[in-house]
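Student: Please take one part of this model and go over it closely. I would like the cut-offs along the way.

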Amino acid sequence: MPRPAKASPIRVLIAKPGLDGHDRGAKVVARALRDAGMEVIYAGLRQTPEDIVSAAIEEDVDLIGLSCLSGAHMALFPRVLALLRLQKVKDVPVFAGGIIPDEDARKLKKLGVRAVFGPGTSLEEIVTTARAIARRAQ
Amino acid sequence: MTRRGSVPATPGARAVLNGDRRALARLITRVEGRDPSVVPTLRSLYPRTGRARVVGLTGPLGVGKSSLINALLQHLRAEGHQVAVVAVDPTSPFSGGSVLGDRIRLDRRADDTGVFIRSMASRGHSGGVAAATREVVRLLDAAGFDVVLVETVGSGQVDVEIRDIASTSIVVLVPHLGDEVQTLKAGLFEIADVFCVNKGDLPGAESASRDLLELAGLGPGREGWRPKVVTTSARDGTGIAPLWAAVNAHETYLDSDGRRAAGERRRLGHELVELVRERVARDLEERLDSDVEVGTLLDQLATRAIDPYVAAERLFATLRADPTGPKE
Ligand code: B12
Ligand SMILES: Nc1nc2c(ncn2[C@@H]2O[C@H](COP(=O)(O)OP(=O)(O)OP(=O)(O)O)[C@@H](O)[C@H]2O)c(=O)[nH]1
Ligand SMILES: [Mg+2]
């Protein structure tokens, strides 16, 4: 087996938990991460927290990105974190974005979400953060 | 009982054999990253492979390959199969990144351990799969999945390399693909064991499958097998059972007259050549910078004292004479 030409790309799972149909932001973020050289597994809409965690395990991702604009983030994001702990996935960070009030963002960060981004965040900032917090940071 | 040449199971290999999904996923990542430290694990798993049916799905962009895999997944799970899916998507030549979107189409219960889905980027490899796809399929085989479905990139070109990985290949087309079929035609029959005309719920499916049947009848048929033509709709589930029956018919055909063994031998031959090629290339590239002998050859080449063809012959001769012998 030949040695790798260069380090393997960071693998990121981008998923939308729950019934929220606003997928523009998730797609924009997925493309930005791709353009930054990452491999983005786009799981799409209507994912249960269970779906997200099992996809993260099978795909062996270095980072999980959750997007939610419907207001259900406080019901869904903590459940993803809890399931990750239950499955003993301790080294895969989670970040998120969407319509998330500041107060909720603070609570989510306390629970372990590494970063939360709202409307109008520059894609550059998202990419920089992804690189910094991914399991295999590059 | 240890077989001759068998290698003690590494901790990674044991974890995979025990059904540890995270260990399997991490091993796949290392194989994809061409991490040489994974070789002992691959070696110890090799005797456990060769049992899975490996079925390729190839065809132009958006014809419904992932949707068909989803429909097949449900069908195969109901039949009690353990099914793994490897879905390959292209890597952007500009950024080196990719969006792997095939998973969107795949519905499965999160707690169903009889299914394992892995997305792969092509990472610059041409031919419709990634350089590591074959080895990843083999890992899934060792892990006990008895059917492995492989979705190729779907570039619009014929993804020929699936022939070196799958025992049965399905070429997926859709109605009104007239021109595209014309351009694909040359390669199509090299690959297709089964033609699937998907989106059969749309008008034109019947004439498309008639055309294909005619084409399939005209061709010589690869090794005496005439490709089957099946019309499906991944949307409403029509034709999925017949599609799998066509795959089985081909697999049964392979089991007659030693064809499976011959096909396996041919695939292993390609793999062996590829491994040696990689090994030799790596060796030579290292020697390019450090080896005195090679340095002399390069000097002579630069001053036109010898030509590249003679230099290549001399370099090759040093390889053949390498006294270090085979390494375990
Ligand atoms: C476009 C839009 C729609 C489109 C969606 C099209 C689509 N396919 O996405 C349509 C018309 C379908 C729609 C429908 C509805 N909408 Co609407 N919609 C919007 C709108 C105007 C813009 C959203 C958008 O696309 N922005 C552009 C993208 C690029 O930005 P973004 O998603 O915010 O993403 C950025 C960041 O948030 C962050 N980010 C987002 N996700 C992620 C993920 C990660 C991992 C990271 C790191 C970052 C990140 O990065 C992105 C780049 O900066 C917003 C208002 C607003 N200004 O946000 C309302 C809004 C989201 N909609 C709203 C509502 C209520 C609805 C409906 C329920 C309306 C109705 N009664 O029918 C439906 C529900 C649809 C459904 N099935 O869920 C509300 C939600 C209220 C709430 N959360 O409390 C909003 C906030 C409007 C409002 N002010 O009331 N909507
Ligand atoms: N009408 C109809 N649409 C279908 C059928 N199968 C798939 N589609 C639609 O075709 C589109 C592409 O389907 P995919 O399954 O993603 O196709 P694919 O070949 O995997 O696509 P790539 O991986 O991008 O090459 C989606 O919008 C599907 O809903 C079908 O049988 N009938
Ligand atoms: Mg697909």
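This is a predicted model: local features need pLDDT of at least 70, side-chain atom pairs count only at pLDDT 80 or more; totals for chains, interfaces and linings use all residues.

Tutor: Residues are numbered from 1 along each chain as its sequence is written, chains are lettered from A and ligands numbered from 1 in the order written, and side-chain values use heavy atoms, leaving out hydrogens and water.

A:His22 sits in the loop between strand 1 (11-17) and helix 1 of chain A. Helices (H or I, at least four residues) and strands (E, at least two) are DSSP runs, numbered from the N terminus.

Now the interface. Contact (heavy atoms within 4.5 Å) joins 31 residues of chain A to 36 residues of chain B. The two chains bury about 2,800 Å² between them, 52% of it on carbon and sulfur atoms. Buried area is the accessible area (1.4 Å probe) that two parts lose on being put together, summed over both.

Ten salt bridges are counted between chain A and chain B. The term means a side-chain nitrogen of Lys or Arg within 4 Å of a carboxyl oxygen of Asp or Glu. One of them links A:Asp91 and B:Arg22 (3.6 Å, N to O). On the side of chain A that touches chain B, helix 1 (24-35), strand 2 (39-47) and helix 2 (49-58) each supply at least two residues. The residues of that side divide into 13 nonpolar, five polar and 13 charged. Ala, Val, Leu, Ile, Met, Phe, Trp, Tyr, Cys and Pro count as nonpolar, Asp, Glu, Lys and Arg as charged, and the others, Gly among them, as polar.

Strands also meet here. Strand 2 of chain A pairs in the parallel sense with strand 3 (residues 98-100) of chain B, over three bridges; pairing requires at least two bridges found by DSSP. A:Ile41 has B:Leu100 as its bridge partner.

Finally, B:Arg21, in helix 2 (residues 21-32) of chain B. Leaving out residues up to four places away in sequence, B:Arg21 touches several residues, among them A:Ile57, A:Glu58 and B:Val115. A polar atom of its side chain lies 2.6 Å from the backbone oxygen of B:Val115.

Terms used. A polar contact is a pair of N or O atoms within 3.5 Å; within protein, one must be able to donate a hydrogen and the other to accept it, and residues adjacent in sequence count only if both atoms are side-chain atoms.
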